[in-house]
Amino acid sequence: MAVDPEVAAKMAPGFDPLPQAKAILRTARSGTLATLQGDGAPFASLVSMATDMDGAPLILISRLASHTRQIEADGRCSLLLSQPGKGDPLAHPRLTVVATAGRIDRDSAEGARVRRRFLARQPKAELYVDFPDFSFWRLAPRHVYLNGGFARAWDGPASDVMTDLSGADALVDLEADALAHMNADHADAVRLYASRLCGGGAGPWRATGIDPEGMDLAFGDQTLRLVFPQRVVDGATLRSVLADLAKQARADT
């Protein structure tokens, strides 16, 4: 979705907020979760996160934590995500996602997908993911606020930065197998995507998630987002797009 022309006219020249907002959402590994205490006062805490296929933030939290009990009572919350860097922290972009939290049923198909996607982004969570007090929560975005620096602020409905999954049931069903295939049989292509197309350094990069708009990549604590040149909703289109991107990466010297 394009930015409203009147809003765009007030932005710094060349500032395109939607790709930046989507990049922050898809590459963040942690964020500041703001929940509501019983007296209505805000409560902020640090949480690790991943994203569902449509971009909704996913968190894994313990019922022993205050924030879990708070969103059980009132699901209204927000999540602050940032891209840290050197110098003034306020000079770097950040995204606030206003959302409503909902617990995920572990035994459902959604629960299996969420568990897989979360552990692909947060492999160390394997140590505690099955503890009985932990549960997955999906933060259904309602509104987003982007601050990319001076004259680079934008806000809009969450639908502007979410990924449309309509007609993509085939991709949802094959994502796990496609990731396993890419990491096992095409690891060289995944590394080239990261280093040649996404500006990452050399290393054993892995594909951790696929959705209609792109592929998530990770190497240790580093994350990258490979944006597809076209919408992908099925296996045939995915194979074609990834093959073309691999050719581009090998030719990009």
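Axes are lines fitted to C-alpha atoms, for helices over the stretch in contact, and angles between N-to-C directions run from 0 to 180 degrees. Helices (H or I, at least four residues) and strands (E, at least two) are DSSP runs numbered from the N terminus. The model is predicted: local features need pLDDT of at least 70, side-chain atom pairs count only at pLDDT 80 or more, and totals for chains, interfaces and linings use all residues. Residues are numbered from 1 along each chain as its sequence is written, and side-chain values use heavy atoms, with hydrogens and water left out.

**View 1. Helix α6 against helix α7.** The axes of α6 (residues 187-197) and α7 (residues 235-251) come within 9 Å and cross at roughly 60 degrees. Therefore α6 is oblique to α7 (under 35 degrees counts as roughly parallel, over 145 as roughly antiparallel, 65 to 115 as roughly perpendicular, and the rest as oblique). The crossing of α6 past α7 is left-handed, meaning that the near helix is turned anticlockwise from the far one by less than a right angle; clockwise is right-handed. Contact (heavy atoms within 4.5 Å) involves Asp 188, Ala 189, Leu 192, Tyr 193, Arg 196 and Leu 197 of α6, and Leu 242, Leu 245, Ala 246, Gln 248, Ala 249 and Arg 250 of α7. These comprise eight nonpolar, one polar and three charged residues (Ala, Val, Leu, Ile, Met, Phe, Trp, Tyr, Cys and Pro count as nonpolar, Asp, Glu, Lys and Arg as charged, and the others, Gly among them, as polar).

**View 2. Helix α5 against helix α7.** The two helices pack at about 35 degrees with their axes 10 Å apart, and α5 passes α7 in a right-handed crossing. From α5, Leu 171, Leu 174, Ala 178 and Met 182 meet Gly 235, Leu 238 and Leu 242 of α7. This contact has six nonpolar residues, one polar and no charged.

**View 3. Helix α4 against helix α5.** An angle of about 35 degrees and an axis separation of 11 Å describe the packing of α4 with α5 (residues 169-185). The crossing is left-handed. Arg 113, Arg 116 and Arg 117 of α4 touch Val 172, Glu 175, Ala 176 and Leu 179 of α5; by class, three are nonpolar, none polar and four charged.

**View 4. Lining of the largest cavity.** Ala 50, Thr 51, Arg 117, Arg 121, Thr 208, Gly 209 and Asp 216 form the lining. At least two lining residues come from each of β2 (42-51), α4 (109-121) and β8 (206-211). One lining residue is nonpolar, three are polar and three charged.

Key: 1 Å grid on protein atoms, 1.4 Å probe; cavity = no way out; pocket = protein on both sides within 12 Å on 5 of 7 lines; lining within 4 Å.
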